[in-house]
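Please look at the sequence and the structure shown here before reading on. The report that comes after them goes through a few parts of the fold in turn.

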Amino acid sequence: MSDQPPPYRGRARARARAAPLQPLRALGDGDMPASEVQPNPILEAMFGDLDVQGGSGGQGIPRGSPRGSPRAEYADPDYIPSRPKGFDKKGTSGKPMYRTVSNYYGLSLAKGNGMMLYNVTVAVDPPSDEMDDKKLRALVRTKKEEIGSYIITGNQLVTTRPLSDEMLQPFVVSPVDGHPTYTVTISYLRDVHAHEGCVIHFYNVVVKMIQKHLNHCQLGRHYYNPEGRIELKTLKLELWPGFMNSIRSQDGGLMMNVECCWKVLINQNIFEKFDEIRKQVGQDDPSYQENCAKAIVGKMVVTPYNPHAYKIDRIDFNANCNSEFETRNGRISYANYFMNKYQQKILQPNQPMLVARPSRRDQRRGMLDDIYLVPELCYPCGLNDQLRANFSLMKALSGHLHMNATQRVQTMQNFMDKVHASPEIQKELKAWGASFQKTPIQVNARQLPYQKILFGNKVVTTLDDKVDWTNSFRTQRMLSPIPTLQNWAIVVPVRNFTGVDNLISTMKRVAGPIGYNINPKPINEYTKAVGKVIQANKGKLDMIFIILPNLPNLDTYSAVKILCSVGHGIPSQCFLAKNLNSKGLMSICTKLVIQMNAKGGGEPWGMGMPDALKNTMVLGYDVHHGAVGTRGDSVAAMTATFSPSVGRCYSKVEKLSSREEVATKVADMFDDCLRKYFKKNQVLPERIMMYRDGVGEGQLREVYEKELEGIKANIALRYKHKSTDLPKLTYIVVNKRINTRFYAQGRGDPYMNPPPGTVVDDTVTRPERQSCSVLKVKPGYDFFLVSSVARQGCVSPTYYNVLYDESELGPNKIQLFTYKLCHLYFNWTGGVAVPAPCQNAHKLAFLAGTALGGGNAHSELDYLMHFL
């Protein structure tokens, strides 16, 4: 560890040591831009970058925070107030599971160990605006012996013991020459509870300290173990194992989440990639620089000599490794700098330089200049689309990336064993009166009963642990099929024409028994004739079937979809030519026919819905970012059921500003769905249930204030206009990008994935929060639900945050209804991870954002699931 940087040095300092900054940015340990060098060496030595005494890490004052006046006190993580006193969020359906653990470890605090919050103000004489984070921390550090263990973030300080009366008196710090002087005042604010935001933040800083003591390095947001890397020489890849850790306040107390992750590094440096492009087009070709930019700009790279990760912002073709930059010790070339600093010899001095922007956190700390990197020393990380399309490569990686439940439990347990075996880590934890549980948290899990799928002729099939009813369609009729596909056209490349007859006959063979008759005589044309086919049969076509080449590009797919869906309002079905001669053509055609029927307005299967939910509208909402043809704008999609079986839906798309997630347009989209429900049923719904996907926990308050309040206002106006009683509204935020995992264990068996229907609604869910009375909300609660089967690796539960609920159904029925909805996605004859309305919205948003240019389909398709 002697050659490692001190654990207290922040990420910004580490990045400054990692790569040159332009212009006038010097680059050694403790180096500063020439324009910012302090004339007094004592001040220069005093104002280091230590954040924590008795710990490590930390963050600076957020931008705009006033100096010398108390900032708003630490707030709890953005969380809407939960259920009122006496409300029980636990369900009762299903059977208790024998033993289920989660990837959390309890954090215990020493008895009587408390924390106090103080405010730090600094007065400078003569007055000056030069006070910043580092200087304030350095001033406080002069009293570290008297203060003891503490953490300072911004101008607020947290300690584990009360400060003496003497420490609460102003004290003066002066450099040797006495100019200027700093008067520091530490004032007591209040005691803080173990579950408050400032304490959670503090212990997350401690978690970073743990990773550093284990010699793990930070690449991006998470920490990885370079010593445990796996080299795949034949694939020219490296896999770095890592962990995503965070401290959270849960129903079971303070806990640390431990989740395994991997960083994929490609053993081809960026210069080698540029060299490949040069050999293809030539360095003097006008497209050379453009192709280089396409290959690397916006991608993440890793510099193994630090190691650190950077996102490339641009390529500077006017600079190379012989270019010089300014340091406090004079000008130096990039080549000499990297040789002197990291013993890295640059073999190609004429290569252009990569440019990365400092992160937001680095910018808050004063790092505003571009970071220059050498392509020869940078390696791309992560899997791109080209690598993902390589079947043999992905198969080779799956053994490492997709660990089973037993392997994951063992990996996280090995991590915790190292934490408990490290004297340095235990010493740090003891200083803060903290200790971690040695075994993972055990949770009370229940398994909801396997659901029943309804088919035609009132046939009911009860599912098993595979949650797959594909084979049922060999003998059962669809629930409400469109009887006949009479007028349809098939567009096929000439070279694939010979396989079409077999495809049509197979489709007819599988369609008949499930109640769908297909006309055997489609119209045969190809690409440019699609428009002619539609015009020649205007108003007659029920569907157009398009066979695409084996390697279709997005432009071809998009052109077809825009022409059919947007231009003429005709459902379309695309099919890859390579599947014409597939051995599994019968199975492919079964799913194909089901999908086509659903697009035409049929319902392949259903679920038994309680009578109380008959007049219910269920909505799903999701956002797709980076839409093609919209200059990077985002696309929002909403689907709303209008049938009693909640199997059919109306759909709506809206463009949003770039990267906008919490949208003010949600209320308008909702109002449109409400009007279309009335148009179909001549009555407004008695219940409204909305599943809102794609929101992080930090955005919940914004969702409540911008989206939910707008929806409630529209409900009030619409129902008042129709002189109808207000509906019972339930608003649920769905989050599938979570790090919580569950592992089930039989009696004496190894760990395994929890079965479908597993519900967890205590211990690792969020605790009650009664402290905030700003928002008057209905009882809210949360739960985890496993509704799908993982074909490989570990299954991920979905987290449901019931933000607002006046349904009076209670947690038990909400959980069960949500589980039922996960069986109604007509693109998959099995359970899916989120309720079907959410999955439909996701599918629609993706289609609109990638193929339809961000726009709505033709109004003829409003009530058809054309996006499947």
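Predicted model: local features only at pLDDT ≥ 70, side-chain atom pairs only at ≥ 80, totals over all residues.

Residues are numbered from 1 along each chain as its sequence is written, and side-chain values use heavy atoms, with hydrogens and water left out.

**Strands and sheets**

Strands of a sheet pair through backbone hydrogen bonds, either parallel or antiparallel. Here strands (E, at least two residues) and helices (H or I, at least four residues) are DSSP runs numbered from the N terminus, and two strands pair if DSSP finds at least two bridges between them.

An open sheet of 4 strands has the order S24-S4-S40-S41, with antiparallel pairing. Strand S24 (442-443) and strand S41 (751-752) stand at its edges with a single partner strand each, so one side of each is left without a neighbour in the sheet. Within this sheet, Ala744 stands opposite Met752 in S41.

Another open sheet has 3 strands in the order S27-S26-S34, and its pairing is also antiparallel. Its edges are strand S27 (460-462) and strand S34 (606-607), each of which has a single partner strand, so one side of each is left without a neighbour in the sheet. Ile453 has Met607 as its bridge partner in S34.

Strand S17 takes part in two of the pairings listed in the table. A hairpin of 4 residues joins S16 to S17, and Val302 stands opposite Ala309 in S17, whereas Ile315 has Leu354 as its bridge partner in S20.

| Strand | Partner | Sense | Bridges |
|---|---|---|---|
| S16 (residues 300-303) | S17 (residues 308-320) | antiparallel | 4 bridges |
| S17 | S20 (residues 352-356) | antiparallel | 5 bridges |
| S40 (residues 742-745) | S41 | antiparallel | 2 bridges |
| S26 (residues 452-454) | S34 | antiparallel | 2 bridges |

**A pair of helices**

Two packed helices are described by the angle between their axes and the distance between the axes. The axes are lines fitted to C-alpha atoms, for helices over the stretch in contact, and angles run from 0 to 180 degrees between N-to-C directions. For helix H18 (residues 666-681) and helix H19 (residues 700-721), the axes come within 8 Å and cross at roughly 35°. The crossing of H18 and H19 is right-handed, a term used when the near helix is turned clockwise from the far one by less than a right angle. Contact, meaning heavy atoms within 4.5 Å, involves residues including Phe670 and Leu674 of H18 and Ile711 and Ile715 of H19. By class, this contact has 7 nonpolar, 2 polar and 5 charged residues, where Ala, Val, Leu, Ile, Met, Phe, Trp, Tyr, Cys and Pro count as nonpolar, Asp, Glu, Lys and Arg as charged, and the others, Gly among them, as polar.

**The second largest pocket**

A pocket is an open set of points, on a 1 Å grid over the protein atoms alone, where a 1.4 Å probe fits, with protein on both sides within 12 Å along at least five of seven lines; lining residues have an atom within 4 Å of a point. The second largest pocket holds about 1400 Å³ of space, a volume being the space filled by probe spheres set on the points. Its lining has 44 residues, and the closest to its centre are Leu401, His402, Arg408, Arg741 and Ser796. Strand S15 (253-266) is among the elements that give two or more residues to this lining, and S15 gives the most, with 6 residues. The lining has 23 nonpolar, 12 polar and 9 charged residues.

**Two backbone details**

Asp125 and Pro126 are joined by a cis peptide bond, with omega about 0°, and Pro126 is found in the loop between strand S6 (115-125) and helix H3 (133-141). Asn215, although not a glycine, has a positive phi of about 65°.
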